[in-house]
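Subject: Structure handover

Hi,

Here is the structure I promised to pass on to you. Please have a look at it first, and my notes follow below.

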Amino acid sequence: MEGKERNVYDVNSLTSLEKLEPVRVRPGMYIGSTGSKGLHHCIWELLDNAIDEISNGFGDRAYVTLNKDGSVSVQDNGRGIPTGIHPVKKKNGVEMVFTELHTGGKFNNSVYKTSGGLHGVGAAVVNALSTWMEVEVRQKGHVYKQRFEYAYDKSLKKNMPGTPVTAIKVIGNTDDTGTKVTFMPDNKVFSTTDFKIDVIDERLKELAFQNKGITLKLIDNTGEERVEREYHSERGLLDFIDYLNESKTPIHKDPILFEGERKINDLSMYGEVCMQFTDSTTYHIASYVNNIPTTESGTHESGFKTGMTRAFKEWAKKLNLLKEKDKEFEGDDLREGMTAIVKIKITNPIFEGQTKTKLGNTEAYTMMNDLAYTKLSEWIEDNKDIASAIINNALHAAARREKIKKINDAEKKKIGKGAAPLAGKVAVCTLKDSSKCEFIVVEGDSAGGSAKQARDRRFQTIMPSKGKIMNTEKQKLENVLGSEELKIFNTAIGTGILENYNESDLRYDKIIILSDADVDGYHIRSLWMTYIYRYMRQLISNGHLYIALPPLYKVYKQNKGKEVIKYAYSDETLPDAKKKIGKGVLVQRYKGLGEMNPDQLWETTLNPETRTLQQITIDDAAKAEKMVSLLMGDVVAPRKKYMYKYAQF
């Protein structure tokens, strides 16, 4: 009877979360994750609000400050959050914005023409996930302040997130306007509370490029000396395209820049595109909606692609470069070597999810399709020589694609006839359920041999890598396809590459790169990541790619005939490992994976219970694109500059 009572599902089983509790219970719904990505998303939510003020003509500056105590401040010189008492809610505006979900001035277009913060939840979400937050508003000649904490709520008689612990009060006078929000992320919510200055730096740089004329600043007070970085662009997207193509060689000097406005179904839209073709064999599009990076693209990006392809195909025939009987090039062929920034401002955008990574408005597709077709047709008419070079490149790419298809079909036929391309090269696991299986690329035959012995053969497949694969950033597609090692990898993974990629054919949930913790190991890791980024990018964007982190040190001593062992994965954690072992400690510095016996390799690097994996994500596609080109491309000067800057690393 007792068991039955416990399983009864009736009205008494229902619970209702109060105020900001839903955010604490399911933070991933609001900020994507509780790791580093979600932590930085808190800054983006507040920064989006500041940029919304600026891009609608109120203010021209925003600052992000990393404070010594681990908190972060985001400040702007906009109008300031309303501080008056709401006639219905009987609360001041600051308290409403920071304690109630879906409260803000962006649900109609009377206050903001366009905005990145749409759902009125961002500010309240950050408050809910903080141990404390302070809001200062400069408005009407005064400085107002209110503080919120994870604290006791008298009305609910329990601790609640984002509870106002002070009333809003005037703390000074000023002639300035604006809002400053300081928050302390809760380490009980986030797995890490360490903000990465380079991640914030990149976002501020992007925002400055997109909003020419404004000034953004990053202030870091966490070190011994205060560090300030300022971001300002007078040329906007033209400066942005120069930045993205810094490590590439453009085939035409002046980038293509166009813009336009449309109104469809009562939606007002403004689009702007900057694009330039380079000698690269791949293409990259950085797209944005109301200043928000749409890393999963959306209708605006699809519309741009369609309009662009239509314009170039029509002109290919007009210029007699494509005869009626010829096989037409496809959109991917045309975009080979292209870097493009696609930016749209739209009233009432429809995003997929609060984290706003994909746009869904069909109107945006129609608008960008028409804009790209019209403007590029005009540009081609005035730049026939450059356009002809781009079209000829597309025709060569199409021919190459057909050649590749034949090579792939031939490979499939070999496998169909019983050829075993993986035999003796890959130790395949026995489980057939791909959601539970792992594919591990291991540096070197020696470590590969140990890994084959150490692995759990039920779900772990091992591929020993002979050393450094080719630098695929610098190679033509035919050469990449001819690489025996990459052929083995592709066959084992099963998805195909580039436009032939098919997620449903993926045979493993995790693709793990395991290399030595030294310079060569980092290089090998970078080469594999470059290949996957260029040819199987969905493996990264869909969360399948990982780096296994082997230990740097074995810390041990003999104790009553037994060896007591701890492992340190960095120089920073070595003292702690030595402390745990105690007096008489010995330290072994691993020179490579080959020095570990199978038991040690399993315990430290392969065992899911004890290993450390780093998931590779594309939080910022523009940054990833630039770094891959910088570190692996042909242009030497920017790479030297980067390596000099990070020589210590």
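A word on naming first: helices (H or I, at least four residues) and strands (E, at least two) are DSSP runs, numbered from the N terminus. By that numbering, N320 sits in the loop between helix 9 and helix 10 (331–334). This is a predicted model, where local features need pLDDT of at least 70 and side-chain atom pairs count only at pLDDT 80 or more, while totals for chains, interfaces and linings use all residues. Residues are numbered from 1 along each chain as its sequence is written, and side-chain values use heavy atoms, with hydrogens and water left out.

With a relative accessible area of 55%, N320 is exposed (buried means under 20% relative accessible area, exposed over 50%, partly exposed in between, with a 1.4 Å probe and protein chains only). K140 also has a positive phi, near 55°, and is not a glycine. K140 lies in the loop between strand 3 (130–139) and strand 4 (142–153), and its relative accessibility of 64% makes it exposed.

Next, the aromatic rings. The structure holds 10 aromatic pairs; rings of Phe, Tyr and Trp (its six-membered ring) pair if their centres lie within 6.5 Å, and planes under 30 degrees apart count as stacked, over 60 as edge-to-face and the rest as tilted. One of the pairs is F489 with W528, tilted, at 5.0 Å centre to centre and 50° between the planes. This pair links distant parts of the chain, as F489 belongs to helix 15 (residues 484–493) and W528 to helix 16 (residues 519–535), 39 residues apart. F489 is buried at 0% relative accessibility, and W528 is buried at 1%. Ring pairs also join F439, F489, Y508, W528, Y531 and Y535 into a cluster.

Helix 8 (residues 237–244) is mostly covered, with seven of its eight residues buried. Those buried residues are L237, L238, D239, F240, I241, Y243 and L244.

And the cysteines? A search of the whole structure finds zero disulfides, a disulfide being a pair of cysteine sulfur atoms within 2.5 Å. C42 is buried, with a relative accessible area of 1%, and C274 is buried at 0%.

Enjoy exploring the model!

Best wishes
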